[in-house]
Structures are given as C-alpha cells and as structure tokens.
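Look over the sequence and the structure below before reading on. The notes after them are grouped by topic.

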Amino acid sequence: MYACRDVNAPKFPEPKKPFPKMYPDRVPVQDWSDKREVADRLTPYNWLYIQRAHVRYEGEDWDINIPRRCLHCRNPPCANLCPWGAARKLDNGIVRIDDRICLGGSKCNKVCPWHIPQRQTGVGLYLKLLPSYAGNGVMYKCDRCYDRIAAGEIPACIEACPFGVQSIGPREEILARAHKLAREMPGFIYGEQENGGTNTLYVSPVPFEILNEAIEKGPGRPGLARYPDRLEAEADLSGAMLIAPFAGVAAGALHAVRLARKNRSEGGDDE
Amino acid sequence: MNKRALPLWLGVFFKILVFVLAASGLAQMPIFKRYYIADIPGLGWLAQFYVTHLVHYVAAVLFLALVGYFLGRYVFEWRLSGRLRAGARVRVFLFAVIIGTGAMRVAKNLPDVHFSPTTTMLLDWIHLFAVIVLGLTALGLRLAGRGGYFIRR
C-alpha cells in the first residue's frame, strides 16, 4: 500500500482552493486533500488498501488479508459508460482514467459494481469549462502502474509485497495458475466470472461468500459479492443493431415493390 | 416524408423514438439528477445509468430498423416520384453523422475493442453536437413551415 502511494504520488491531485461554488447546492464537494493519510479505504490518495477478514470456516479460524483496488474488468462499465472517454481500457487489459479529460461526474463510481473510483473536487478539466455548473473534479483509482508496465517493470504493490503473494501476466496463464492453486489449497477463485470476468483474480481458502459477510463494506470499501455482467444485454443488442437496418431496408423495398405492382395492376384494370 | 405515403402512426412512432433516443442519450451525462429532472415523478429512470444505456440501445435498434425501412422505400419508391426538400437533406446528413458516430461508439463498447481516449471523446462530442444541431434545425424548419421531408414532382 505504501509502495503504491510512493510510486503514484506524482499522479495524485493537487486541488486549487477555495473550490468554485457549485450549483445547485446538492452537488457534493469531495475533498480528500487534507486526509491523505487515510489508509483503511480507497480514496483519491489511496488506490490500494488491505481489507481484513477474521472468519471461522470448517472448524478453523482464518485471518485473511485482501489487497483491494480496482479489479480491471474485462468489459469495464466505467470505460463503456463514461460519456467523455476519460475512462478506458488499454490493449493490455488495464483500465485507467485519464485525469486530463475526466470531469469528475462520478458516473464510473456509480456503475462500478465495487464502486472503486474516488472523486477529488477542485482539480481537472472542469475548472476550465463551467466549474459551477458541470463537472466536479477528477476520479482516481488504481491504474495498475501502467507507466511502469510500459517501461517493462511490474506494479509497485507486487514488487513491494514481502510475501510474494501477487503475480502478473497474461490472463490465461494467471487463470491456469489460479485454478492450480485453488486445487492444491483447496480454495476458491474470485474474478473469473464476476462482472463478466476481471483481470484481477483472488484465490482464497475460504469461500468468498463468507469473506463478503465478514469484511467491512461501505464507501471506499468494496464488497466481494458475485456480481453478474451488467453489460451482457448491450453486447447482444450490438448484433441486433447490425442486422436492424438491413432488415428495415428489405422491408421497405418489399413494401415499395408490392405497392408498385398493386398500382400497375390497378392502372391495367383502368385501361 | 410524403404524409400520404406513410401512415400517421409510423411518423409519430419515429418522432417518439427520436425523443427517447435524445433523452436517454443526454442522460448518459450525469446531469439529470444534479438538476432535479430525475426528481420529477416518472423521470427517476433518467438518473439510472444502466437503465438509460439499455433504453438507448433498444431504441437505437428500432430506430435503425425504421431508418432502413425509410431508405428502402425512398430508393425503390419515393425518389421516383419526388425529391427531398433542402431542409430534409440537412437533417438526413445529421442523422447519418449521429448514426455513424453512434455505431462506432457501440463498436468501442464491445469487450475486446478499444479506441484511444481522443477518438472516443471526439465520437461522443460529434454525436452530441449533431443531436443538438439536428434538434435546432428541425425546430427552425417546423417554425418556418418547412417541416416535411419530401415533395412530389
């Protein structure tokens, strides 16, 4: 967690104060700039934290520590529903929010099953547009150290973990390793199917349903429920969108030809 | 559009579809809750992003089918007996821009398709801007008494 903060500190927001007055009054100011030390939840200055669960399972007591951050969905709602293209998925599977474009509407937080992105008011593009009437800052979350990966390095959290419990690689490889680990433990996998599959996989000796009950959940503290793929219907409708205009043209052409024939036959009857 | 050639209900259905597409499209921006519109009874769905997204997609499928139908009839029937008004040509062009940018955004939303943020932003801005211009153009033509699409020769 501290390695994540150190490495990503240059990306953290430095808001200008006082913040612009926002209209209407219901628009919330979200300012974490004076609470940068908060470490027990996700914030714009804390993109990773350790969630702890003390549980009893099959007669044994377990203390499970879970590094929580963005799971980098395979079909990310934050990127697909962002109206500005600020949130996006990279070719290597990383989902990141571009702080130069984001207006801080927090839509990504609302559509994320885990409500991961966190807002900082008083920073970003909205200040140059209509700061009182549209936008509210920038959304921040784990970007999987995309810049380190581009430079051939590994994410800071993996490098710093003293127990070496995290690894990174192509999803198929990691998935195979997760299944092998789960067989050996024996254990359970989280992330293979959740929200259509994520590019973060957890393996635990305790079922995630039990962990989900035990962990502290709330704003900035994501749960471990089994979320379905909320964008599955849209993917299916994309196919229908491809077919619809051709079906329409065929129907229109048939209608026109039938009308022409009818008109011709009626014209013939008149003669 | 030649009103005699098109049933009234089809024209009304087209207008309703365009309205639903515009409302659900604008709702992709988080503005309806901020500005109390979603607080109006019956309009709460405008602040539910998954609902507005699905509504936009379903309405788009119906809209594309209807546009295809109009195109089929235009090519095989209407263009033989008349022509599009000048204002209609502008609207057809704007619809084409909206459909083109919308189609690219739908492609981008597929799980394994990614565009650069600049491309995505441009698509979204052109899509939105064309809708606003289309709305203003349609309003202006209607006020000028030139609302129809088609005139017979």
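**Briefing**

Pro186(A) sits in the loop between α6 (171-184) and β7 (188-190) of chain A; helices (H or I, at least four residues) and strands (E, at least two) are DSSP runs, numbered from the N terminus. Residues are numbered from 1 along each chain as its sequence is written, while chains are lettered from A and ligands numbered from 1 in the order in which they are written.

**Confidence**

- The model has an ipTM of 0.87 and a pTM of 0.89.
- The mean pLDDT of chain B is 91, and 97% of the residues score at least 70; pLDDT is the predictor's confidence in each residue, from 0 to 100.
- Within chain B, confidence is highest in helix α3 (residues 86-108), at a mean of 95, and lowest in strand β2 (residues 150-152), at 80.
- Where pLDDT is low, the predicted coordinates should not be read in detail.

**Overall form of chain A**

- Chain A contains 8 helices and 8 strands.
- With a radius of gyration of 25 Å, well over the 18 Å that the globule rule gives for 271 residues, chain A is more spread out than a compact globule. The radius is taken over C-alpha atoms, and the globule rule is 2.2 Å times the number of residues to the power 0.38.
- A box of roughly 95 × 55 × 40 Å, taken along the principal axes, is filled by the C-alpha atoms of chain A.
- Chain A is divided into domain 1 (2-166) and domain 2 (240-271), with bounds that come from an automatic or database domain assignment.
- The C-alpha centres of domain 1 and domain 2 of chain A are 55 Å apart.
- Of the 271 residues in chain A, 37% are buried. A residue is buried if 20 or more other C-beta atoms lie within 10 Å of its own, exposed if 12 or fewer, and partly exposed in between, with C-beta atoms placed from the backbone.
- Among the contacts in chain A with a separation of 6 or more, 56% join residues 24 or more positions apart. Two residues are in contact if their C-beta atoms, placed from the backbone, lie within 7 Å.

**Nonpolar cores**

- The largest nonpolar core has 33 residues, of which Cys78(A), Cys82(A), Ala87(A), Ile97(A) and Cys108(A) touch the most other members. Such a core is a set of buried Ala, Val, Leu, Ile, Met, Phe, Trp, Tyr and Cys residues joined through C-beta atoms within 7 Å.
- Two or more residues of this core come from each of α2 (77-81), β4 (95-97), α3 (107-111), β6 (138-140) and α5 (156-160) of chain A.
- Leaving aside neighbours within four places in sequence, Cys82(A) is in contact with Ala87(A), Lys107(A) and Cys108(A).
- Another core, of 15 residues, lies apart from it and includes Tyr57(B), Ala60(B), Ala65(B) and Phe70(B).

**Where the chains meet**

- Contacts link 33 residues of chain B with 43 residues of chain A.
- On the chain B side, α2 (49-81) and α4 (117-143) are the elements that give two or more residues.
- α2(B) gives the most to this side, with 20 residues.
- The chain B side divides into 22 nonpolar, 7 polar and 4 charged residues. Here Ala, Val, Leu, Ile, Met, Phe, Trp, Tyr, Cys and Pro count as nonpolar, Asp, Glu, Lys and Arg as charged, and the others, Gly among them, as polar.

**Local backbone features in chain A**

- A cis peptide bond also joins Tyr23(A) and Pro24(A), with omega about -10 degrees; Pro24(A) is in the loop between α1 (2-8) and β1 (49-57) of chain A.
- Glu58(A) is not a glycine, yet has a positive phi of about 50 degrees. Glu58(A) is in the loop between β1 and β2 (60-68) of chain A, and is exposed, with 8 other C-beta atoms within 10 Å.
- Ser106(A), in the loop between β4 and α3 of chain A, has a positive phi near 70 degrees. Ser106(A) is partly exposed, with 19 other C-beta atoms within 10 Å.

Conventions
Predicted model: local features only at pLDDT ≥ 70, side-chain atom pairs only at ≥ 80, totals over all residues.
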